[in-house]
Amino acid sequence: MAAAATCGTGTRSTGSMVVSASRNSVTSFQRRGPRASGTDSGCSRLVSIAGTRPSVRNGQLLVSTGLPALDQLLGGGLAVGTVLLIEEDKYNIYSPLLFKYFLAEGIVTGHTLLVASAKEDPADILQELPAPLLDDNCKKECDEDIYNHKTESNIKMKIAWRYQLLPKMEARPVSSSRFGHYYDVSKRIPQELIEASKWHGFFLPEKISSTLNLEPCSLNHSYIKLLQFIQNIIYEEGFDGSNPQKKQKNILRIGIQNLGSPLWGDDICWTENCDSNHSLTKFLYMLRGLLRSSLSACIITVPTHLIQNKAIIARVTNLSDTVVGLESFIGSEKETNPFYKDYHGLIHIRQIPQLNNLIYDVSDVKDLAFKLKRKLFTIEISRT
Amino acid sequence: RHVRQRLRRSGGLARPLAPPTDNCPNGSSRPSHDSVEWEGRSLLKALIKKSALCGEQVHILGCEVSEEEFREGFDSNINSRLVYHDLFRDPLNWSETGETLPGGPLEALRALCRRTHPGPVTIALDSLSWLLLHLPCTTLCQTLHTLSHQDSCRGDSSPGEQVHVLGLLHEELHGPGPLGVLSSLAQTEVTLSGALGQASAHILYRRPQQRPTHQTQWFSILPDFSLELQGGPPLEPQPYPDPRVPSMDPTTHLTFNLRLSKKEREAKDSLTLPFQFSSEKQQALLCPGLGQATSHIFYEPDAYDDLDQEDPDDDLDV
């Protein structure tokens with residue numbers, strides 16, 4: 001019967017239809033749907049920048065360090081706005097590799113790079129970045145590796161028969177993921193990727209004139225120049241939100257090599273009590289302030305094995321957020337130790353930050369060792 | 001030959017050990033008898049001579065000995081190729097005759113950095129120790145770095161255009177800090193020591209991004225500063241035998257058995273695991289009805305069982 005009433009023609013039935021319609025929408029609240037123009041920053045609730053993902057623990061925005069194994073140890077990745085400090089190994093062989101992985105990840109995900117060094121020209125550093133393993137190359141490399149592995153192992157495994165039917169789970173790098181890529185250390189990054197990326201270089205001998213008179217200053221001149229450079233880039237390119245950005249937000253990846261060595265004008269590696277005892281610590285403090293207020297992440301390598309004053313090492317560790325130490329076995333008695341014969345060194349996760357959190361994501365395993373294979377830098381639990 | 005190859009790379013650092021220490025590679029401790037200082041200047045001069053004979057231009061920054069003493073022993077052919085910058089006679093430029101370099105050692109080093117003469121060149125710093133004592137350390141490191149990398153600023157650097165920097169360092173004058181820093185800057189490090197009147201050089205060669213290699217080479221320097229490489233010193237009966245370093249075997253003192261005897265291995269292999277896929281199981285799955293009774297459930301209701309033949313869902317008002 002209700003259906004017959006609505007079928008009637010004429011204005012009266014139309015009026016009743018309108019009345020029924022308004023009765024259905026009892027409330028005046030309306031769900032705001034996604035607008036057609038997606039450029040309004042107000043309506044997008046999640047900041048989706050390429051190469052980042054929110055942490056599963058506390059929603060902190062993370063970027064990949066370039067090594068998925070290291071990302072896992074750090075609790076998913078490096079938080080945006082923090083400093084990753086790498087304590088260099090004695091002969092400086094493996095720490096530049098982590099540095100390059102970080103920069104290569106930035107190029108592959110399209111982040112802006114800022115490379116600062118006192119030893120090498122940043123352009124040369126970028127030329128030596130490892131090549132990313134993309135979909136078509138990756139399958140070939142992995143099959144090669146798996147074949148080699150199969151011929152080596154002659155232990156037959158008896159597994160439950162139902163599992164034989166399942167496809168084998170291999171640690172094949174999934175290169176189509178947007179977070180964390182794999183790289184081939186034996187190859188160089190293709191030139192077109194470098195040219196397509198945006199990067200800024202800070203090479204200290206070019207920026208500092210050699211005839212500078214050395215007046216004692218609380219902060220080293222080189223450090224002041226570097227901080228100014230970083231600050232300018234952050235401000236001009238709008239990483240701190242100062243320019244209302246019409247374009248897509250991006251992350252700035254900063255890499256500083258060999259900080260604290262005498263080539264930066266710092267003599268903490270020289271003597272225990274020196275005049276510029278506080279230069280490096282002040283620099284780190286100011287750098288962290290710059291990073292916290294911008295969308296950037298920073299990797300720094302410091303030759304801590306050369307720093308004479310242990311108190312400075314402790315202060316530098318405290319002023320950084322994440323600290324990873326590399327200890328290579330070359331030249332030490334561990335080189336001949338049969339426990340460590342499969343590895344090239346130990347990796348120590350010395351500190352993980354507590355960001356907006358009461359606890360941090362410390363991994364249970366403390367004995368981590370690394371090995372530089374021909375193509376890959378692997379981190380494993382040392383089997384001792 | 002080995003030393004010649006070292007010359008081809010840039011940035012060498014030679015440092016003598018004044019008290020001859022037990023720096024012997026075989027690990028036995030030997031009481032030190034010699035009192036002769038293993039001085040490095042003769043090795044430096046030998047390397048300079050080799051460079052000059054190869055046709056390279058050689059610049060020498062002399063700070064510790066006078067020019068005459070340094071040039072002594074070289075023949076005129078080599079002496080004509082050496083460009084000597086004298087900082088020994090008048091380091092602070094008191095005489096103001098214009099002969100000495102104005103600006104002191106730093107200016108001299110910077111002048112070397114700015115040279116535009118093409119061709120390979122060797123720069124010998126007669127003593128880095130002297131320079132360390134007179135210059136701030138960071139300035140020296142930065143200048144040394146610029147010196148050895150100046151050819152990279154130009155467009156392409158062919159291998160013949162390389163700059164070799166040789167520095168002499170007296171180890172006992174400095175603490176571990178400067179030594180560590182300078183060895184991290186250098187590409188090759190030669191430590192002099194010796195035994196039984198025979199000098200040896202422990203050479204550590206750091207290639208960029210690769211593992212460092214080291215070797216020990218016994219040598220002697222002839223009066224005309226030619227280098228003669230030799231085998232080890234004549235063996236003498238050693239007072240103590242070499243302590244045998246026991247290799248650590250991780251499989252000792254375990255609480256479980258790592259090895260299987262033959263019988264145990266056979267038993268293990270013949271064991272059929274419950275979920276192991278075998279042909280019998282495959283047959284059983286493929287043809288279930290062959291020769292096997294299908295399973296039935298026999299249910300005897302008890303006195304306490306509350307069985308209702310009706311559909312329990314009928315009570316619901318759906």
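Although A:Asn258 is not a glycine, its phi is positive, near 55 degrees. With a relative accessible area of 8%, A:Asn258 is buried, where buried means under 20% relative accessible area, exposed over 50%, and partly exposed in between (1.4 Å probe, protein chains only).

A:Asn92 also has a positive phi, of about 55 degrees, without being a glycine. A:Asn92 belongs to the loop between strand S4 (83-87) and helix H4 (95-109) of chain A. It counts as buried because its relative accessibility is 19%.

## Basis of the model

This is a predicted model, in which local features need pLDDT of at least 70 and side-chain atom pairs count only at pLDDT 80 or more, while totals for chains, interfaces and linings use all residues. Residues are numbered from 1 along each chain as its sequence is written, chains are lettered from A and ligands numbered from 1 in the order in which they are written, and side-chain values use heavy atoms, with hydrogens and water left out.

## Chain A as a whole

Chain A contains twelve helices and 14 strands. Of its 384 residues, 45% are buried. Among contacts (heavy atoms within 4.5 Å) in chain A with a separation of 6 or more, 74% join residues 24 or more positions apart. The accessible surface of chain A is about 21300 Å², and carbon and sulfur atoms account for 54% of it; such areas come from the Shrake-Rupley method with a 1.4 Å probe, and for residues only the protein chains shown count as cover.

## The sheet of chain A

In chain A, nine strands build an open sheet with mixed pairing, in the order S8-S5-S9-S10-S4-S11-S12-S13-S14; two strands pair if DSSP finds at least two bridges between them. Its edges are strand S8 (199-203) and strand S14 (377-381) of chain A, each of which pairs on one side only. From one strand to the next, the twist averages 20 degrees. Angles run from 0 to 180 degrees between N-to-C directions, with axes fitted to C-alpha atoms, for helices over the stretch in contact.

Helix H10 (residues 221-236) of chain A packs on this sheet and touches strand S5 (112-117), S8, S9 and strand S10 (296-302) of chain A. The direction of H10 makes about 170 degrees with that of S8(A).

Strand S12 (residues 345-351) and strand S13 (residues 368-372) of chain A are antiparallel partners over three bridges. A:Ile347 has A:Leu368 in S13(A) as its bridge partner.

A:Ser328 is part of strand S11 (residues 322-328) of chain A and is buried, at 8% relative accessible area. Beyond residues up to four places away in sequence, A:Ser328 touches A:Asp89, A:Tyr94, A:His344, A:Gly345 and A:Phe370.

## A buried phenylalanine in chain B

B:Phe219 sits in strand S8 (residues 213-221) of chain B. Its relative accessibility of 6% makes B:Phe219 a buried residue. The C-alpha atoms of B:Phe219 and B:Leu166, which are 53 residues apart along the chain, are separated by 18 Å.

Key. Helix = DSSP H or I, 4+ residues; strand = E, 2+ residues; numbered from the N terminus.
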